[in-house]
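Colleague: Hi, I'm new to this one. Could you show it to me and walk me through it?

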Amino acid sequence: MIPDDLLYTKTHEWVRMEDDEAVVGITHFAQSQLGDLTFVELPKVGDTVTAGEEMGSVESVKAASEIYSPVDGEVVAVNEELADTPEAINEDPYGEGWMVRVRVTGGQPSDGLLTPEEYAELLEE
Amino acid sequence: MRTIFAKSVPGRAGTLPDAPAAPAAAHLPQDLLRPAAPRLPEVSELDVMRHVSELSRRNFGVDTNFYPLGSCTMKYNPRFMEYVASLDGFTKLHPLMAQLRGAGHFTQGALEVLYETERLLCEITGMAAFTLHPMAGAHGELTGVMCIAAYHRDKGNHKTKVICPDSAHGTNPATAALAGYDVVNIASVDGMIDPEHLENALDDDVAAVMMTCPNTLGLFEHHLDRIVALTHAKDALLYYDGANLNAILGKMRVGDVGFDVVHLNLHKTFATPHGAGGPGAGPVGVAERLAPFLPISRVVKLKDGRFFLDYDYPKSIGYMAPFYGNFGVVLKAYAYILRQGREGLTRVSEYAVLNANYMRKRLESHVEIPYDRICMHEFVASAVAQAKRGVKALDVAKALLDKGHHAPTVYFPLIVKECLMFEPTETESRETLDRFVDDLIDILTLAESDPAALQHAPHTTPVGRLDETKAARDMILTDDA
Amino acid sequence: MPYIPHTPEQTQEMLKVVGVASLEALFQDIPASMRPRSFNLPDGMSEHAVCARLEELARANKTDVISFLGGGFYDHHIPAIVDALSSRGEFLTAYTPYQAEASQGSLQAIFEYQTAVCRLLDMDCANASVYDGGSALFEACMMAVRATKRSRLVVDECLSPIYRTMLATYTTNLQLELVTVPHGGGVSNVQALVDAMDDRTAAMVVQNPTFFGTIHDYTALFAQAKAKGVVSVLAAYPVLQSILKTPGQMGADVAVAEGQSLGLPLSFGGPYLGIMTCSRDLVRQMPGRIVGRTVDHQGRTGYVLTLQAREQHIRRAKATSNICSNQALCAFRAYVTLCVLGPQGLARMAEDAVDKAHYAATRLAALPGVRLLADAPFGNEFAVVLPKNAHEVVDKCASRGLVPGFPLGGYYAGMEHVLLVACTEKTSREQIGHLAEMVGGML
């Protein structure tokens, strides 16, 4: 459950680069640890986000977790569907469960993102 | 079971006061009045009695069931304390009466209760001064940490952090944040605060170290003297979370060993009822150097034996409560302390600890006890082995409900996997403990032979396991939603 | 050994099971150097002796006075059924309902309480209570701070001075700016409140009726707040709320109340009840426990604590609040009171109190040199200006068994002559006659 066309963070977000934009969500592992999600809080379109800093949060019945932005940039789109169907993140974390689309400053993701192999190693630990 | 609103019959009256001589509209302009009456239930007094009595049968309490909920000290709540708090001379006393200069003598009995309770709590804990204002344990924490902040500010110290161990109650970090501090967590080693971890985390920015002793694993901290010395060496203060005071009455006084601030939960150690979530009371005791910062008012005894409320403490943090705290709760705890006395309170801890150890010993060959040594008033077990077969701590807890016992605390402290935390208290008999342990052993045995049988427990309660995810997603929070 | 059931034989047997020789051996982890330096408590007393002692202390309080004290805390009748039901051990001795299946009684009662207070205040959502009206106001302000990410609180000086001092204390370490807008002679200065709200303002806080007893319609003020992105917070009085225009109708975002008037004795300041309600879009900012309705696996309706991920036991340092214990049994009493009085009973209580206060105001204002502080509508409480120091008048009256109200000089500069007078449905016209005669005789 670690798609090999994505980049990852140590805090269990994934990033798909599409030209100078990054699509961001949380990984299969993250959603499985949290359990059935009940609420998602996301930034607004136009907000500036910074790599490694909080940009939102997700909640299940027994847990809550912050979402950290993997990149620097400006939010250009938010998955509004998640407000009503947070379960999409459980069911399809890399597809329907995407969270935000960020126009990345400088067009490139910052250093320090993990490759699929590196992320798999992290989960092994 | 239908709600009381569903039982409402338009036009049915409950217990009506006298009709007014004139309606509100005679005195107030129409645009200040509500256009329609609130949709409260229209039911008879008997309807209310039946409805609420039926609700009561759908509840476990200490009065009806063994309630070994760890960290909560669900001991028996003696009823004479309720009688004491219901005396007219207390219930009819308006709190502003004490603030009238000429009517101070109207409240002498109440002020004496406050004064005497503070003195008794000082002697029980070895602290120099107490305030009774905090209205719950977490409220006491906030009061205590605000006193700590005021102390550092007064000294010119610039402190930004509070240290909590990873076994701490969630209220500790939440309180530190509410008092403006950053929270630093330190990892426990062998269930204890590790002096080296603490030393590494203790820099000059640390305002306080918050700890619970015995800790939430039910263990007495082995390195307490080191912790005290390390903390004070950085001019940080040591905070004692009194949730577990029931373990050490008469055996250790937190003031004697170097704690600077302590909050007590009167609804735990001092037997005032929990009331399905409150009210509690969280008095705070401090060392001499922190006394100037306690909230106002303070109760003072004059040379002539009279009591009065003193507001003249310029360094005080201010007002934590509208008046003098949850007075009705304080009254009950005062009565409890008088009833028990020195000897009785010491026995409370001895038997609370005996009961916990007896249960632990009887269970140790049936379930993993991660810290299997002499514990204090509570201990933790881990259902990790059972979970591998599909029976989680939660399933064990639910199965206990079917046997007529309230469940232990589960999944706390966070550092023990599949955690079950038992606190029997001193008021339970050996027979009750044996019955509980026997039932728990049956459940653990069933977990081996037929795990599926436990995964849907409970079956005997008014409802089965409830869909909490649906509750959180739907957010039906009133009968109108 | 009160409340400890062990026989000496059982104690010995249990010690043997544990493998220690004595009770004292169980405390071997506490080194000798840490043992108590003293534990000098009195000997224990019998139940009878403790009760006798407390009865003596209760008698040392003087409660057989005629009192017109209020200030947000009122002596309303408590129906006898409230004590009967709240003393049932199934509620009284239960813990917070974390085990939902064993706590449906508490949970449904809280759910019905939430429904009742929402209907009373005309708001969407309520929590299961906080400590009191003052801590509820603080939590309301923090909801606003989180929701708006702003840091300025605008507070009407007509808001109870008790709550304003609590707010000042609670916000000490939080980098919040607390701005108090002076009252306009016992009424809110609405224009000044509007002017005080800027783009850094998180919350604007008013009280209805005000501390002076005056009644407002804050609809326009709340609309201005909304336009400026400010959260409107209203502190209400539950009994009068049965007849007054509601916080919801006025457009309040958060409505809180001191619930003492609903079935809780005055009890020298507590335990009381912080009622907390809000609009639906703010519910995730609301602290404390909240009960929601759901179903079990068989489709049966049941109740659970919900939205717990906001709370300290899960989110720890990032929780909406540090609150854990609340005032559940007080909320239960309020719930029973609201049910047994019903809409008609509660409105009668309110209207009778208002009617009597107007009679008292007429009688006092007829005295030479006495006038009402504000020429404005009021409910069951009002402020009068006396021709002399109100403290002196109160002291003299009190020594003769009547407390004519609360003197405001200690709370408001320049109000040494002002007396705050409250009535409830329990106040009699005869008592009001005594009040007027006694105060008149002092002037």
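Modeller: Happy to! Let's begin at one spot: B:Val209 stands opposite B:Leu238 in E7(B). This is a predicted model, where local features need pLDDT of at least 70, side-chain atom pairs count only at pLDDT 80 or more, and totals for chains, interfaces and linings use all residues. Residues are numbered from 1 along each chain as its sequence is written, chains are lettered from A and ligands numbered from 1 in the order in which they are written, and side-chain values use heavy atoms, leaving out hydrogens and water.

Colleague: Which way do E6 and E7 of chain B run, and how many bridges join them?

Modeller: They run parallel, with 5 bridges between E6 (residues 206-212) and E7 (residues 237-242) of chain B. Strands (E, at least two residues) and helices (H or I, at least four) are DSSP runs, numbered from the N terminus.

Colleague: What is the strand order in the sheet?

Modeller: In chain B the order is E1-E9-E8-E7-E6-E2-E3, an open sheet of 7 strands with mixed pairing. Two strands pair if DSSP finds at least two bridges between them.

Colleague: Why is one side of E1 and of E3 in chain B left without a neighbour?

Modeller: E1 (129-131) and E3 (182-186) of chain B stand at the edges and each has a single partner strand, so one side of each has no neighbour in the sheet.

Colleague: New topic: how many salt bridges are there between chain C and chain B?

Modeller: There are 7 between chain C and chain B, counting a side-chain nitrogen of Lys or Arg within 4 Å of a carboxyl oxygen of Asp or Glu. One of them joins the side chains of B:Arg342 and C:Asp43 (2.8 Å, N to O).

Colleague: And which helix gives the most to chain C's side?

Modeller: Helix H13 (residues 328-365) of chain C, with 22 residues on the side that touches chain B.
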